[in-house]
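This report examines how one protein chain is packed. The sequence and model are shown first, and the discussion follows.

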Amino acid sequence: MKNIKEYNLNELQEEMLALGEKKYRAEQIFKWIYVDKVKDFDEMTNLSIELREKLKKEYTMCNFKILKKQEASDGTKKYLFDVLDGNAIESVLMEYHHGKTICVSSQIGCKMGCKFCASTGIKFVRSLSCGEIVEQVLAVEQDTGDKISNVVFMGIGEPFDNYDNVMKAIKILNNQKGLNIGARHISISTSGLVPMIYKFADEDLQCTLSISLHACNDEKRSSMMPINNRYNIEELMKACKYYIEKTNKRISFEYALAKDNNDNLDDAKELVKLLKGMLCHVNLIPINKIENGSYVKSTNENIIKFRDYLNDCGIVATIRRELGSDIDAACGQLRRKSLKEE
Ligand code: SF4
């Protein structure tokens, strides 16, 4: 059966016409799913019983099951969802002063192998469908009753390795007749899939682009992120400059600080050299400890020194608040799980 959440509004209209129904039914269904957030066709009470039966025969609502929910001392909530095929993924809800932010996963596992990430070492299974990406937002809103205002693609998976489904999900999240999450409130983080950065620049979307940089020379970056062997820093920066020129939007560079690895003054100097004059912001992330990981978090003193040096050199840098680290919900700590592990 088809998952009704795989369709954008136009496609749903086509589906209704194919079922011999009027086009406007699609908008009613869309509203039931994304505004009223019902979980069952039977709750769509302005549709005839006959149409509801038809829908039940053709489609599923594909509601994720919550396998586990953990709450950190700072209020961050981590969800483990059953994606209904024997696999499970994690999504995290965080509270910032500007509203609720959800960090969604885009794949079950990840192929990129970043050395500081908990998703590494776990076999890649598959990419999530567009409906499965959107479902994470819906399921959390249904569970908490909260309105989510921001979505970040920083959970499990490389979003640009699942480009089409991620783009389609963004458009569904963004639809004013549905969840109505503004594109400016949606961020995508990539490890540096250069061809997709060019493609994304040409999309004419208002979303924010984050680049996981973490090191400023090829030797160091390749040791942390194997993707750098495919697309080195020079190629990555060229793509970033194209993005900024094309969109006139600021890029956010993520830089996770690991003690005695990439957190000293020479690293900061290299970073300034690399980013000087670019429309950008640097997000400094105290690296999080992961099981079997070799990196150790930088000291607070070093992190502050690093930030101050960047700021003094005219590069806007902030230190990301650590949310949810006591439940392994912080950056780089999410991982795919099979149901058997639970
Ligand atoms: S940091 Fe992101 S791209 Fe790198 S392995 Fe983890 S999930 Fe994949």
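Leaving aside its neighbours within four places in sequence, with which residues is L173 in contact? They are V134, V137, V151, L179, I181 and I186, where contact requires C-beta atoms, placed from the backbone, within 7 Å. The model is a predicted one, in which local features need pLDDT of at least 70 and side-chain atom pairs count only at pLDDT 80 or more, while totals for chains, interfaces and linings use all residues. Residues are numbered from 1 along each chain as its sequence is written.

**Core and domains**

L173 and V137 touch the most other members of the largest nonpolar core, which holds 96 residues. Such a core is a set of buried Ala, Val, Leu, Ile, Met, Phe, Trp, Tyr and Cys residues joined through C-beta atoms within 7 Å. A residue is buried if 20 or more other C-beta atoms lie within 10 Å of its own, exposed if 12 or fewer, and partly exposed in between. Helix 4 (residues 130–144) gives the most to this core, with 7 residues; helices (H or I, at least four residues) and strands (E, at least two) are DSSP runs, numbered from the N terminus. Because domain 1 (2–60) and domain 2 (65–341) both give residues to the core, it lies between them. The domain bounds come from an automatic or database domain assignment.

The C-alpha centres of the two domains are 33 Å apart. Their contact takes 11 residues from domain 1 and 15 residues from domain 2. On the side of domain 1 that touches domain 2, helix 2 (residues 24–34) gives the most, with 4 residues.

| Helix 6 (residues 194–201) | V194, I197, F200, A201 | 115 degrees |

The arc is that of the directions from the helix axis to the C-beta atoms. The buried residues of helix 6 are covered by elements including strand 10 (186–190), strand 11 (208–212) and helix 9 (233–247). Helix 6 and helix 9 pack at about 5 degrees with axes 9 Å apart, the axes being lines fitted to C-alpha atoms, for helices over the stretch in contact, with angles from 0 to 180 degrees between N-to-C directions. Helix 6 is therefore roughly parallel to helix 9, a term for angles under 35 degrees.

Just after helix 10, G277 takes a positive phi of about 85 degrees.

Definitions and conventions: Contact = placed C-beta atoms within 7 Å. Parallel < 35°, antiparallel > 145°, perpendicular 65-115°, else oblique.
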